[in-house]
Amino acid sequence: MTKLILCGALGRMGRAILKVSLEYSDLQVVAGVEHPDCVRGQSLGEAVGMEEFKSVPLTSNLEDVLPLGDVVVDFTGNTLSALAHAKLSAYAGKGVVIGTTGFSPQQVEELKEFSNHAPILLSPNMSLGVNLLFRLAELAVKALKDKGFDVEILEIHHRFKKDAPSGTALKLLEIVANALGKDPSQVGKFGREGTDPKGEEIGVMSLRGGDVVGEHTLYLLGFGERIELTHRAVSRDIFAKGTLEACRWIKGKPPGFYSMFDVLGI
């Protein structure tokens, strides 16, 4: 049995993870962690309205419940909180799975330092399908490199998403730019206007509206043909499932800095 401590337990992803975890006989959420403003002396089950978690503690202090778990999951949505949770967990020898996005390069380096003490997995997208898309994108771009194909990225999300482009789109940019032997910070173009013709840049465009869970398309645009690699998420449950598969995988792994590619074996 793998015992999980869920940070950001009352958020949208936290609730999805709780729901989907009930489908796993070998995973158990043993504690929830939330912002102090959200903790009112209730159990996790009382806070989310799920009877199955009525005996599970909910706290604002990870250190209080850290001995209970094998793996700490962070979906707090706050990089500073996620860093603090990762440091505390790694130094206690716990596996860490991080779905929070928006880390700066310096913060990622900090996470890598913590991973010298315990296994840490960081992914901008926990979907198994999206991570397969990442690998397919790399293969496709390498195969068509120097063969007259332009590369563009389009992402669509619900109207309430705060960041643009999405972390997944930025990861796609990083992957395809590296496959082309280019610096993503130099070739990424976020939006277009004016009369300048397309150069060597990789366009990354964002649409926002409605209740779109997430859609990402990589375009490879040639003369007389076009290839589109698309992943569409229609339920937040896919991210919860991917997270739980990562938790299953990371238990017992040696210290190191991992990604969902490791979980998928690709």
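**Exercise 1. How many residues has α9, and how far does α9 reach from its first C-alpha to its last?**

Solution. The model is predicted: local features need pLDDT of at least 70, side-chain atom pairs count only at pLDDT 80 or more, and totals for chains, interfaces and linings use all residues. Residues are numbered from 1 along each chain as its sequence is written, and side-chain values use heavy atoms, with hydrogens and water left out.

Step 1. Find the helix. Helices (H or I, at least four residues) and strands (E, at least two) are DSSP runs, numbered from the N terminus.

Step 2. Take the span. α9 has 14 residues and reaches 20 Å. That is close to the expected 20 Å, where the expected span is 1.5 Å times one less than the number of residues.

Step 3. Look past the end. Gly252 follows α9, with a positive phi near 85°.

**Exercise 2. Work out how enclosed α9 is.**

Solution. Step 1. Apply the cut-offs: buried is under 20% relative accessible area, exposed over 50%, partly exposed in between (1.4 Å probe, protein chains only).

Step 1. Count. Of the 14 residues of α9, 10 are buried, so the helix is largely enclosed by the rest of the structure. Among them are Phe239, Leu244, Glu245 and Trp249.

**Exercise 3. Find the aromatic pairs and describe their geometry.**

Solution. Step 1. State the rule. Rings of Phe, Tyr and Trp (its six-membered ring) pair if their centres lie within 6.5 Å; planes under 30 degrees apart are stacked, over 60 edge-to-face, the rest tilted. The count is 2.

Step 1. Take Phe134 and Phe261. They are edge-to-face, 6.5 Å centre to centre, with 75° between the planes. Phe134 lies in α6 and Phe261 in α10, so the pair ties together parts 127 residues apart in sequence.

Step 2. Take Trp249 and Tyr258. Their centres are 5.1 Å apart and their planes at 75°, so this pair is edge-to-face. Trp249 and Tyr258 are both buried.
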